[in-house]
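Dear colleague,

I am passing on the structure that follows, and after it I set out what was found. Please read the notes with the structure open beside you.

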Amino acid sequence: MKREALTIGAALVIAALAGSVLIWFVGQSPLEVYGMMLSRTWGTSYGFGEVLFRATPLILTGLSVSVAFKVGLFNIGAEGQLAAGSFVTALCGAVLPASLPWPLAVALCVLAGMIAGAGLGGLAGVLKVRYGAHEVINTIMLNFVASALILWAGNAHFFVRDTHTRTISDNATLPALGLAGSHANTSLLLAIGLAAAVAYFFNRTRRGFEWRAVGLSPRAAQNAGVRIGGVIIGAMVVSGALAGAVGANYVLGYKHYYERGIGGGVGVMGIAVALLGRNHPAGIIAAALLLGTLAHGGLAVAELVPKEIFYILQAVIILAVACASVYLGRRARASGAQA
Amino acid sequence: VLERYRAGLAHVPEDRHDRALVLDYSIQDNLILGQQRDFVGTLDVLDRRRVHQQAEKLIREFDIRPPDPTHQVRGMSGGNQQKLVVARELSRRGLSVLICSQPTRGVDIGAIEAIHRRMIEARDRGVAVLLLSAELSELRDLSDRLAVLYKGEIVATLDRDQLGADDVLDKVGAMMTGAWPGRADGAAKTTAEGAR
């Protein structure tokens, strides 16, 4: 645990140094840029709010990817699952009667989004278990299916202006966290709650015990009476549901309608978050905050360096952490091999 | 698989790393693997206290080292890993048949003896023990009845008193290669039965 944190920390330092070289290359002082980035993100309540707003969906997609990872699956479909979830959340919010009490309205909308994501993820799981199609291919292809389906359904029936759906009714909106007009909203609490739930599930429940065993050693798990196919489908359903909850942040907490391309890229970044957070819910929250900081920080220092520098920095961090993960895995095996 | 366990079957697989253990799990987690349903409280939550107690009990009974229930199994010696597997399989509720496949492969002498003793004890408790092994002396020492297989067929069955003969191992070896009954090709496998 301690070595993990140290290695990840070392990877981050190396990435920051590489970033410094880039910043220096465009003719700015790295210290000044990093300093400005920090003061404009964690230094002001607006900046901090924006970091939280960007971190919220990353927590959810990071969790989504990590749940699949834990049972040995690679869910590349968070992108499509969150799009489907957001779309359905918005539709649900738009058709709910205005008289419904808000807790019920919000819960229904979030649940609808999670079910949509779960359906898409579950479908990929069924295709794998039943027909042996690899989940990477399934989830990538379902991303296209989801985005095309949403576009068609929206154009044919639901889009009122350009590519927006109707605005959701007021009782389904999530209030802002009140951080100086930033977009951070209460869906952050939902994300943290779900992270805690995922941690509890894996560490304490019988099913979590079996799911982890499937990820670590499928044949031993099978020998222990676990039905692997069921676990694969279950994990993809949960993974999809977590990605589908992203709509709570963008739709219920921010835009109040679905717009084409909402949350684009967050699904892919979820893979990076899961990697960076070592699949651990607490690590995922930390990783989401870090990447959220970079995403908003890139905008905040745009007057000094092009924001593309920060996209590169994100990628360098991911590469550094990926290398660190391989290193950690090798260490773990080496310490076991002495037996 | 679950149905088999419910019927009272226990199984020490041939390859403990592949089939019997999750190497990244702790000793206590591996000790309940396959019995995880017996250690749940309300809402399917694992009862950690009971898992821990079970681990401490089995570690004591079977002298598993290191005696730390939270130790990761990957770093343990082969003998202790195998003792863990045997301990777990023998601790199954309603145990009536135990199948041991090469239970002492890659295991140090001390652990071999401990495992042998446990198998005999299980037999004395009335558990039917089926031992499959390539270790002929092990088969001779433990078996009540020994069946020799060649090309998927039983070519001979030896009883306890026949197994006492001095040259029995040579005979069994010959039968395994098909040479004894007059055939002469291929490899074979022995099966021993300690039925009671």
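In the second largest pocket, α13(A) provides the largest share of the lining, six residues. This is a predicted model, in which local features need pLDDT of at least 70, side-chain atom pairs count only at pLDDT 80 or more, and totals for chains, interfaces and linings use all residues. Residues are numbered from 1 along each chain as its sequence is written, chains are lettered from A and ligands numbered from 1 in the order in which they are written, and side-chain values use heavy atoms, with hydrogens and water left out.

To stay with that pocket (an open set of points on a 1 Å grid over the protein atoms alone, with protein on both sides within 12 Å along at least five of seven lines), its space comes to about 380 Å³, a volume being the space filled by probe spheres set on grid points that are joined across faces, edges and corners. Its lining, meaning residues with an atom within 4 Å of a point, has 19 residues, and Arg54(A), Val266(A), Ala295(A), Tyr311(A) and Gln314(A) lie nearest the centre. At least two lining residues each come from α3 (45-70), α12 (266-276), α13 (281-300) and α14 of chain A, where helices are DSSP runs (H or I, at least four residues) numbered from the N terminus.

Turning to the two chains, the contact (heavy atoms within 4.5 Å) takes 24 residues from chain A and 29 residues from chain B. The buried area, which is the accessible area (1.4 Å probe) that two parts lose on being put together, summed over both, is about 2,500 Å², and carbon and sulfur atoms give 50% of it. On the chain A side, Arg206(A), Phe209(A) and Asn223(A) lose the most area to chain B, together 31% of what that side buries.

Between chain A and chain B there are three salt bridges, each a side-chain nitrogen of Lys or Arg within 4 Å of a carboxyl oxygen of Asp or Glu. Arg206(A) takes part in a salt bridge with Asp44(B), with the closest N and O atoms 2.9 Å apart.

Finally, the whole structure has two cavities of 30 Å³ or more, a cavity being a set of points where a 1.4 Å probe fits but cannot get out. The second largest cavity has a volume of about 30 Å³, and residues of both chains line it, among them Asn223(A), Ala224(A), Tyr5(B) and Arg19(B).

With best wishes
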